[in-house]
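Please consult the sequence and the coordinates alongside the text.

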Amino acid sequence: MTQLIHNITRYIAGSTARRVLAFAVIILLATACEHKPLCWHHPHKSLLKVDFAWWDAPEGPDEVTSMALYIYPHDGSAPSRVEFPGSAGGFIELYTGDYDFVCLNANTETLLYNGTDAHGTFTVSTGDDYILSGMNGRDGDFSDDDNDIKRAEGTYDERVSRQAEKAFGHGITDFNVHGDPGVTQVVTLYPNNLTIHYHIIIENIGCIETISKISGTLSGLAGEVRVHDNNRVGSHNIVPFPLVPTADGTIEGQFVGFGHCPETQSKSHKLAVYAITTEDDHRFFEWDVTEQVHEQDGELYVTIVVTDLDLCGMRDMDLVVDPWIPTDPIVLPMP
């Protein structure tokens, strides 16, 4: 470069036109020499193919209509979100650097997202519910205060939460977008089913024909699930659900939840049933179903079977004390 500029300087000794042309060439060379090295330090965008592989949840593509990718740069810049139609994935552009990713199906209406500022704290949960919501129990039949409604023993400290929706998610860490020219990188995430389907069956029912309204709750369930590693977290929750008599003479109910017991807190599980008869008797029943729930740990479809729900016991009594709502003692006059 020095020799080139020296030759141009000698060329300047010619005409004025030569001098002007020579100076212009020197300026261009100097500018190129100064700025070319800086170009290599400027961050470049790279094309990235996002694949969602459904090996761990083969039912997912039939239930998912869109997927969201949450992007967490390691350089401290703000997280971002990209939504893809369908369940396969797509293409995005990212600056070179290291990233964490979380994916979650986007076709939900009632799930709540928490801790979304970091991939490791991202959880999904549901909102609060009413203990008798399975039978639409806020219609004047009962107390307006949820705390007045009888619960299964040992569950009064548990939050009452809504049923979940099907959720599929996964996360990966420390993915490097290198930006090599001509290379399209692929990042693959493997969504898991983050929820459990519960099926409740009650057999051997007395006076099933007298049922006017009936619902149930299951206690000791996780309140939320961490998306990137599918771990149950939060406090214990009670989840209400509807129950219906079947043609087989049983009573059944189904709901979706986040699984039993937060990962660090084991607790018993109580099934409670609330029934109103055609004679307006309010009946309460409970069963300890801990063993059944824990025996099916890891299953995505959990079946709980209990027996002996007798609705006949109080139907012929003149005096019925509502067992759901605490009342003052009733003193009957001596005959």
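How many residues lie between strand 13 and strand 14 in the hairpin that they form? Four residues separate the two strands, and Asn 230 in the turn has a positive phi of about 55°. The model under discussion is predicted, and every value below is computed from it.

**Strand 13 and its partners**

Strand 13 covers residues 211-226. With 14 of its 16 residues buried, strand 13 is largely enclosed by the rest of the structure.

| Strand pair | Bridges | Example of opposite residues |
|---|---|---|
| Strand 7 and strand 13 | Three | Ser 125 and Glu 224 |

In soluble globular proteins, nonpolar side chains tend to be buried together. The largest nonpolar core of this model comprises 27 residues, and Leu 218 and Ile 304 have the most contacts inside it. At least two residues of this core come from each of strand 12, strand 13, strand 14, strand 16, strand 17, strand 18 and strand 19. Strand 12 provides the largest share, namely five residues.

**The cavity**

One cavity of 30 Å³ or more is counted. The space in the largest cavity amounts to about 50 Å³. Its lining has 13 residues, of which Ser 161, Ala 222, Val 239, Gly 257 and Phe 258 are the closest to the centre. Which strand gives the most to the lining of the largest cavity? Strand 13 does, with three residues; strand 14 (231-242) and strand 16 (251-257) are also among the strands that each supply at least two. By residue class, the lining of the largest cavity consists of six nonpolar, six polar and one charged.

An open sheet of three strands is arranged in the order 4-1-10, and its pairing is mixed. Strand 4 (89-95) and strand 10 (185-189) form the edges, each pairing on one side only. On average, neighbouring strands of this sheet are turned by 30° against each other, direction ignored. Strand 1, residues 45-52, runs antiparallel to strand 4 and is joined to it by seven bridges. Within this pairing, Asp 51 is opposite Gly 89 of strand 4.

**Individual residues**

Asn 204 lies in strand 12 and, although not a glycine, has a positive phi of about 60°. Is Asn 204 buried or exposed? Its relative accessible area is 52%, and the threshold for an exposed residue is over 50%, so Asn 204 is exposed. Asp 308 is placed in strand 19, and its phi, near 70°, is likewise positive in a residue other than glycine. Asp 308 counts as partly exposed because its relative accessibility is 47%, a value between the limits of 20% and 50%.

Thr 121 belongs to the loop between strand 6 (112-114) and strand 7 (123-125). With a relative accessibility of 43%, Thr 121 is partly exposed. Thr 121 and His 228 are 107 residues apart in sequence, yet their C-alpha atoms are 8.6 Å apart in space.

Note on methods. Residues numbered from 1 in each chain as written. Predicted model: local features only at pLDDT ≥ 70, side-chain atom pairs only at ≥ 80, totals over all residues. Heavy atoms only, no water. Pairing = 2+ DSSP bridges. Axes fitted to C-alpha atoms, helices over the stretch in contact; angles between N-to-C directions. 1 Å grid on protein atoms, 1.4 Å probe; cavity = no way out; pocket = protein on both sides within 12 Å on 5 of 7 lines; lining within 4 Å. Points joined across faces, edges and corners; volume = space filled by probe spheres on them. Nonpolar A, V, L, I, M, F, W, Y, C, P; charged D, E, K, R; others polar. Core = buried A, V, L, I, M, F, W, Y, C linked by side-chain atoms within 4.5 Å. Buried < 20%, exposed > 50% of the residue type's maximum accessible area, 1.4 Å probe, protein only.
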